Every structure is written in C-alpha cells, then in structure tokens.
Amino acid sequence: MSENQSLVLNHRQIGQKITRMAYEIYERNSSEEGIFFAGISGMGKVFADLLADKLQSISPLRASVMEVILDKNSLVQGEVKLSGNSNLENKCLILVDDVLNTGKTLAYALKPFLEIPIKKMEMAVLVNRSHKLFPVSADYTGLELSTTLNEHIEVNLTKDNYTVHLH
C-alpha cells in the first residue's frame, strides 16, 4: 500500500454495509417475488453478487444477477450489453456499481433497459462521492463520502479482504 492511500472501509465495515443495504432492499421490495440485480462490469458486478447473496440469506425473495457489460473508458462510443437472456418485463431491477462519482457510467448503463417495460428500477452503490454531473442518484448507498475531484476511490471486493481506499 502506498503512503498516499487512506483506508476508508475495511472488510467488516463493508460486510455491515452490504447487510444493511440488503435489509433496505427487502423492506422496500417485500411484496415482490424477486429482484434482478444488474451489476456494472468489474466491482459493480461483484458488489451485485454480494448484495444478491445477502438478500437471499435474509429474505424469501429470489435474487438474480446479470452483468451490464460496458467500457468505462469509452462510454459514448462503446456498446452496452447485458449478460444472459433474462426476461425483465414487469420486474424489479436494481442497477449496481461500486462507486457513484459523476453519474456518467450509471447513466450510460441505463441504455439497455430503456426499451424494456420494467416495473421499477432502483440504483445501489457502495460509495457515493456526490460529484453529480448527470441526473442520477442512488436509492441505496453504503457510504456517502465527500472527496475532491482529484482524489480516487479504489474498491476491492476480493474474497475475505474487502477494502475501500482513498487515493
């Protein structure tokens, strides 16, 4: 670990955030049969898997996970695809990413869902930096963190060693 990194969340704290968020998701969606989690490529997909696993362990809801495949470095020109062939019509969907910074990635990740008559769509992020440039906000947030534009958040959800660092 370099000297200019600060540990923001450790493994235990991230586990607590996942548990709290899963309970919030269950409370707001208890009348649903199931929830679809759409995790954005990378740590967003890993975070979606963790939320879905926790939701299934605390509730009778069925949780399914798919990946939103996109190139975060080339959002405008890049294609946005979904893994799998799930029928999302009239279903509840939660779009998941690890960090919400300006909202640009989440806004582009909405693209494949705009032509599907989804019953309800919500968003979940582990860390919200609140540098809002796009009209996107999270319904479920693990941590609100004020940062400067020059700082960087690094999320690591490697098995048995979850961390969030600020650079």
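Biologist: Which residues on the other side of α1 are exposed?
Modeller: This is a predicted model: local features need pLDDT of at least 70, side-chain atom pairs count only at pLDDT 80 or more, and totals for chains, interfaces and linings use all residues. Residues are numbered from 1 along each chain as its sequence is written, and side-chain values use heavy atoms, without hydrogens and water. Exposed means over 50% relative accessible area, buried under 20%, partly exposed in between (1.4 Å probe, protein chains only). On that side of α1, the exposed residues are Arg12 and Glu27.

Biologist: How far does helix α1 reach from its first C-alpha to its last?
Modeller: Helices (H or I, at least four residues) and strands (E, at least two) are DSSP runs, numbered from the N terminus. The expected span of a helix is 1.5 Å times one less than its number of residues. Helix α1 covers residues 11-28, 18 residues, and 26 Å is expected. Its reach is close to that, at 26 Å.

Biologist: Within what arc do the buried residues of α1 fall?
Modeller: An α-helix has 3.6 residues a turn, so residues three or four places apart point the same way. In α1, the buried residues are Ile14, Ile18, Met21, Ala22 and Ile25. They line one face of the helix, because the arc they fall within, seen down the axis of α1, is 105 degrees. That arc is taken from the directions from the helix axis to the C-beta atoms, and its value is 105 degrees.

Biologist: Which residue caps the N-terminal end of α1?
Modeller: Look for a side-chain oxygen 3.1 Å from the backbone nitrogen of arginine 12. It belongs to asparagine 10.

Biologist: With which side chain does the side chain of serine 41 make a polar contact?
Modeller: Serine 41 sits in the loop between β2 (34-40) and α2 (43-58). At 16% relative accessibility it counts as buried. A polar contact is a pair of N or O atoms within 3.5 Å; within protein, one must be able to donate a hydrogen and the other to accept it, and residues adjacent in sequence count only if both atoms are side-chain atoms. At 3.4 Å, the partner is glutamate 67.

Biologist: How many residues apart in sequence are the parts tied together by glutamate 32 and lysine 119?
Modeller: Their side chains meet in a salt bridge, 3.0 Å from N to O. Glutamate 32 lies in the loop between α1 and β2, and lysine 119 in the loop between α3 (104-109) and β6 (120-128), so the pair ties together parts that are 87 residues apart. A salt bridge is a side-chain nitrogen of Lys or Arg within 4 Å of a carboxyl oxygen of Asp or Glu. The separation in sequence is 87 residues.

Biologist: Which residue forms a salt bridge with lysine 72?
Modeller: The closest N and O atoms are 3.5 Å apart. Lysine 72 lies in the loop between β3 and β4 (81-82), and its partner in strand β5 (residues 92-100). Lysine 72 counts as partly exposed at 37% relative accessibility. The partner, buried at 2%, is aspartate 97.

Biologist: What distance separates the C-alpha atoms of alanine 48 and isoleucine 18?
Modeller: Alanine 48 is in helix α2 and counts as buried at 0% relative accessibility. Contact means heavy atoms within 4.5 Å. Not counting residues up to four places away in sequence, alanine 48 touches Phe37, Gly39, Val65 and Val96. Isoleucine 18 is 30 residues from alanine 48 along the chain, and their C-alpha atoms are separated by 9.8 Å.

Biologist: What phi does aspartate 160 take in the hairpin of β8 and β9?
Modeller: Aspartate 160 lies in the loop between β8 (153-158) and β9 (161-166), and is exposed at 61% relative accessibility. Most residues other than glycine have a negative phi. Here phi is positive, near 70 degrees.

Key:
Two strands pair if DSSP finds at least two bridges between them.
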